[in-house]
Amino acid sequence: LISFTNIFTNNKILMPLSFLLFIVLIYEFFKSNIVKYWLDSTLLRFPPFANVINNISSMQASLTLGCLLDAKINLNESLGITSEAIDNLVIKNTWKNITREVGKGEDLINALQKQYILPSLFVLTLAQNISQNNLAQSLLKLSKYYSKEVEASSQALTNMIQPILILVVVALISFLIYATIFPLFSIIGQI
């Protein structure tokens with residue numbers, strides 16, 4: 001162990017390079033699909049995070065699909081593009097399943113209803129408006145609604161996290177004060 005640390009003290013360039021390598025490895029680790037899928041599915045299990053993530057994904061999906069259908073791109077291609085526009089891998093796989101089922105000839109609403117992750121408001125709104133042939137317009141209206149929901153749910157999540165962060169900062173400062181003052185008292189006590 002001592003010889004290992006001597007390598008770093010003798011080579012001044014090795015320490016910054018090893019730190020940089022460590023940062024790159026951590027970045028690549030969290031960028032991998034396996035870790036991202038695990039992290040996305042874990043966040044979907046916690047209600048405050050799930051609410052924000054579902055709102056963001058619904059907003060992305062409704063905006064993308066609405067714009068593509070409004071531009072007269074066929075449904076299968078629009079669904080494929082929409083599935084690629086979603087950031088969360090779990091919800092992205094859900095949209096890929098919907099694309100696959102619609103490609104096999106399944107009705108869009110039936111394919112949406114089979115997926116348990118999508119918000120029921122999203123599916124019900126589309127089910128009501130698909131018969132009126134204004135699917136693109138209803139999707140664009142849904143995207144506006146979900147953008148407002150994203151703001152509200154993000155604000156609620158921020159308000160929930162703030163007290164926790166304050167407690168963490170207080171605990172860290174208390175530890176630093178204790179770690180600084182306690183040795184001083186022990187030194188003064190020996191005098």
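Buried means under 20% relative accessible area, exposed over 50%, and partly exposed in between. With those words in hand, welcome to a few close-up views of this predicted model.

**Figure 1. Confidence along the chain.**
The chain averages a pLDDT of 87, and 96% of its residues score at least 70.

**Figure 2. An aromatic pair between helices α6 and α8.**
The model has four aromatic pairs. One of them brings W95 and F122 together edge-to-face, with 5.9 Å from centre to centre and 90° between the planes. This pair links distant parts of the chain, since W95 belongs to helix α6 and F122 to helix α8 (residues 120-130), 27 residues apart. Is F122 buried or exposed? F122 has a relative accessible area of 1%, so it is buried. W95 also counts as buried, because its relative accessibility is 1%. Together with Y145 and Y146, W95 and F122 form one aromatic cluster.

Y178 and F182 form another kind of picture. Whereas F122 in the previous view is buried, here Y178 and F182 form an aromatic pair that is stacked, with 5.3 Å from centre to centre and 20° between the planes. Both residues lie in helix α9 (residues 135-190), four residues apart, which is about one turn of the helix. An α-helix has 3.6 residues a turn, so residues three or four places apart point the same way.

Side chains of opposite charge can pair when their charged atoms come close. The count for this model comes to six salt bridges, and this view shows the one between E28 and K31. The closest N and O atoms of E28 and K31 are 3.8 Å apart. Both residues lie in helix α2, three residues apart, or about one turn of the helix. E28 counts as partly exposed because its relative accessibility is 40%. K31 is partly exposed too, with a value of 46%.

Is D40 buried or exposed? D40 counts as buried, because its relative accessibility is 8%. K36, at 28%, counts as partly exposed.

**Figure 3. Further salt bridges.**
K114 and E106 form a salt bridge, and their closest N and O atoms are 3.2 Å apart. E106 has a relative accessible area of 26%, so it is partly exposed. Elsewhere, E84, K92 and K96 are linked in a network of salt bridges.

Which residues make the nonpolar surface patch of about 860 Å²? The patch is made by F19, F22, I23, I26, F29, F30, W38 and L39. Helices α2 (14-31) and α3 (33-43) each supply at least two of its residues. Helix α2 gives the most, with six residues. F22 is a residue of helix α2.

**Figure 4. Helix α4 and the residue K72.**
Helix α4 covers residues 47-70, 24 residues in total. From its first C-alpha to its last it reaches 33 Å, close to the 34 Å expected at 1.5 Å a residue. After α4 comes K72, placed in the loop between α4 and α5 (75-85).

Notes. Residues numbered from 1 in each chain as written. Predicted model: local features only at pLDDT ≥ 70, side-chain atom pairs only at ≥ 80, totals over all residues. Heavy atoms only, no water. Expected span 1.5 Å × (residues − 1). Patch = residues over 30% accessible without salt bridge, like charges linked within 9 Å, V, L, I, M, F, W, Y side chains within 5 Å. Areas by Shrake-Rupley, 256 points an atom, 1.4 Å probe, with all protein chains shown as cover. Salt bridge = Lys/Arg side-chain N within 4 Å of Asp/Glu carboxyl O. pLDDT = per-residue confidence, 0-100. Buried < 20%, exposed > 50% of the residue type's maximum accessible area, 1.4 Å probe, protein only. Phe/Tyr/Trp six-rings, centres within 6.5 Å; stacked < 30°, edge-to-face > 60°.
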